[in-house]
Amino acid sequence: MLGELVRLRPPEERDIIRRAELGRKREINLAFGGDLEADVPLTVDEARQKMAPRPDTFAMWTIASADTDDFIGVTNLSRLDQDNRSAVFAIGIFDPDRLGRGLGSETARLVVDYGFNRLGLHRISLLVLADNHRAVAAYHKAGFEVEGRLRHTLWSRGRWHDDLIMAVLAEDEA
């Protein structure tokens, strides 16, 4: 799938190597609810493990730059409920130099379009830390609406954090 900013394509070995080079960045780790005090390197084996799809993942893509095809992150759909035509969206952008440029919003729009128009889904949902304002704004731009709050779902950095439940429906996109 190709957008103006990103290309979503199957993961390749070179993406695992680039993921290892990027390591675990403190800024990104904090947005995911981690508590790193500094950037931490990743081995290729650790990167391979982190990029492996979970058993409930049924569609996974590398997020690459539309112009250079360089690895930026990963995105997926998981927890397919065929009876209710729903799935869960997830995204991880691991290059801090690419944050805040609209890549997450465009990726979400491409995956939502795929889910509704290619898979026939009716609902795509996600969980996001309530204090990850950059991600919440990106999801809003992609059509997701806040449906609720799960209180105190994560203990990190000496305090509790809430998750927001966000979703987009096929009829919202019509």
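Which side chain does Glu12 meet in a salt bridge? It is the side chain of Arg14, at 2.5 Å from N to O. Keep in mind that this is a predicted model.

Some background. Side chains of opposite charge can pair when their charged atoms come close. Searching the whole structure turns up 17 salt bridges. I will walk you through a few.

Back to that opening pair. Glu12 is partly exposed, with a relative accessibility of 33%. Arg14 is partly exposed too, at 39%.

Next, Asp15. Its salt-bridge partner is Arg9. The closest N and O atoms there are 2.8 Å apart. Is Asp15 buried or exposed? Buried: its relative accessible area is 1%. Buried means under 20%, so Arg9, at 8%, counts as buried as well.

Now move along the chain. Arg123 and Glu147 form a salt bridge through their side chains, 2.8 Å from N to O. Where do these two residues sit? Arg123 is in strand β5, residues 123-129. Glu147 is in strand β6, residues 145-156. So this pair ties together parts that are 24 residues apart in sequence. As for accessibility, Arg123 comes out at 25%, which is partly exposed. Glu147 comes out at 45%, again partly exposed.

One last point: how do the pairs connect? Some salt bridges share partners, and these join Arg7, Arg9, Glu12, Arg14, Asp15 and Asp69 into one network. Look for Glu12 and Arg14 in that network. Look for Asp15 and Arg9 there, too.

How values were computed
Residues are numbered from 1 along each chain as its sequence is written. This is a predicted model: local features need pLDDT of at least 70, side-chain atom pairs count only at pLDDT 80 or more; totals for chains, interfaces and linings use all residues. Side-chain values use heavy atoms; hydrogens and water are left out. A salt bridge is a side-chain nitrogen of Lys or Arg within 4 Å of a carboxyl oxygen of Asp or Glu. Buried means under 20% relative accessible area, exposed over 50%, partly exposed in between (1.4 Å probe, protein chains only). Helices (H or I, at least four residues) and strands (E, at least two) are DSSP runs, numbered from the N terminus.
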